[in-house]
Amino acid sequence: MKIVFQLFLTFFKIGAFTLGGGYAMLSMVEQAIVDKKKWIPSDEFWDMMAIVQSLPGVFAVNTALYVGHRIAGRKGAAAAMLGAIIPSIVIILLLATVFREYRNLPVVERIFKGIRPCVVALILAPSIRMIKSAKVTWKTAIIPVATVALIWWLKVSPAIVILVAIAGSLVYAILMERKMKNVENKEVEP
Amino acid sequence: MIYLQLLWVFIKIGVLGFGGGYAMLSLIQHEVVDNYAWMTTTEFADMVAISQMTPGPISINMATYVGYTAGGFFGSLLASFALCLPSLIMVYFIIRLFMNKKGNTLMSHLLKGLKPAIAGLIFAAGLSMMNAQNFVQIGKGENNISIVICVLAFVASYFFKANPILLIVLSGVVGYFVY
């Protein structure tokens, strides 16, 4: 029971104090779980994080579920997940209640008139950084361009676009595996 | 009825939300603003700002906010829970399945292939928010100040990796004095 509560507390702290989303949280998790409590060896932790990062859903929640489950089974997973999300829910509930009450005040409206274009910039910037890090070439540039055209211009549901992209990526992934296997075989043969 | 809709929408986002909180923006926007009209486009922008500035995962913050707007206190709990539900199932099945080297390389190839599409998805969310409601019109059809804020914030974020919270606070101060 003690370890379950400790898991809850650890992720509660992480949920309550990390700003900037999932990836900022990772070093805090490492510090608490790997360095301080030594619940999971470092190499296993990073191997698992590589898998957890490629899963869909909330990265922090996936991490909490994996760590919690690895250390204390189902109860641990539930405790860690609740710890990670409860601070968010409480803080946003409080803010949303207050904000929806006062958002029509002239002062608040003025401040948010300034904030909205900034939010747009904060969304566009990482998307372009991502295109760069994905090493998009002139040939593959069709993928982000088509995605934007479908969603923004033709108003196609993003869910459908993602499903098509997953199907395409699966084909790509399988082809890549084949190619790697062929290379390995050739290396063995001569 | 609204609870069922919230449950369905956020389970879908939990399953299809590859690539973190920002990648979910397009999905959330499409459902919340276009499909169900739970929020206007300005309220959506405000919500993103608030979710960005508060601690905790951005996507949980957004789910809580959307749930509260659409269905009150219970709606907020339901939306956040629905977003986590697919992850709960995945941890038991997918992680075990992909715990080996072969599964791991397959997943990382899959994500590599998805990455350009996810980038396009995030970009589309930003473009959709670039409208007359969020970019205030001053005088005769001009929205210079909004565009100046947007360009400066973009340069600061993209080239100088400025802290997003600092940028939001600064633009709020500019808005307070300018409008």
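Domain bounds here come from an automatic or database domain assignment. The model is predicted.

**Chain A: fold and dimensions**

Under that assignment, chain A splits into domain 1 (2-102), domain 2 (106-135) and domain 3 (136-190). The C-alpha centres of domain 1 of chain A and domain 2 of chain A are 26 Å apart.

Chain A has seven helices and zero strands. Its pattern along the sequence reads α-α-α-α-α-α-α.

The C-alpha trace of chain A spans about 75 × 50 × 25 Å along its principal axes. Of the 190 residues in chain A, 40% are buried. Take the contacts in chain A with a separation of 6 or more: 49% of them join residues 24 or more positions apart.

**Chain B: domains**

Chain B has two assigned domains, domain 1 (2-133) and domain 2 (135-179). Their C-alpha centres are separated by 25 Å. Contact between them involves six residues of domain 1 of chain B and five residues of domain 2 of chain B. On the domain 1 side, four of the touching residues are nonpolar, two are polar and none is charged.

**The interface between the chains**

In the contact between the two chains, 79 residues of chain A meet 90 residues of chain B. Several helices of chain A give two or more residues each to this side; they are tabulated here.

| Helix of chain A | Residues |
|---|---|
| α1(A) | 2-17 |
| α3(A) | 42-54 |
| α4(A) | 59-102 |
| α5(A) | 106-133 |
| α6(A) | 142-153 |
| α7(A) | 158-188 |

The largest share comes from α5(A), with 22 residues. By class, the chain A side holds 57 nonpolar, 16 polar and six charged residues.

**The nonpolar core**

The largest nonpolar core has 105 residues. Within this core, Ala80(A), Cys118(A) and Ile122(B) touch the most other members. Its largest share, 18 residues, comes from α4(A). In soluble globular proteins, nonpolar side chains tend to be buried together.

Cys118(A) deserves a separate look. Which residues does Cys118(A) touch, leaving aside those up to four places away in sequence? The partners are Ile149(B), Cys150(B), Ala153(B), Leu167(B), Ile168(B) and Ser171(B).

How values were computed:
Residues are numbered from 1 along each chain as its sequence is written. Chains are lettered from A and ligands numbered from 1 in the order in which they are written. This is a predicted model: local features need pLDDT of at least 70, side-chain atom pairs count only at pLDDT 80 or more; totals for chains, interfaces and linings use all residues. Two residues are in contact if their C-beta atoms, placed from the backbone, lie within 7 Å. Ala, Val, Leu, Ile, Met, Phe, Trp, Tyr, Cys and Pro count as nonpolar, Asp, Glu, Lys and Arg as charged, and the others, Gly among them, as polar. Helices (H or I, at least four residues) and strands (E, at least two) are DSSP runs, numbered from the N terminus. A nonpolar core is a set of buried Ala, Val, Leu, Ile, Met, Phe, Trp, Tyr and Cys residues joined through C-beta atoms within 7 Å. A residue is buried if 20 or more other C-beta atoms lie within 10 Å of its own, exposed if 12 or fewer, and partly exposed in between; C-beta atoms are placed from the backbone.
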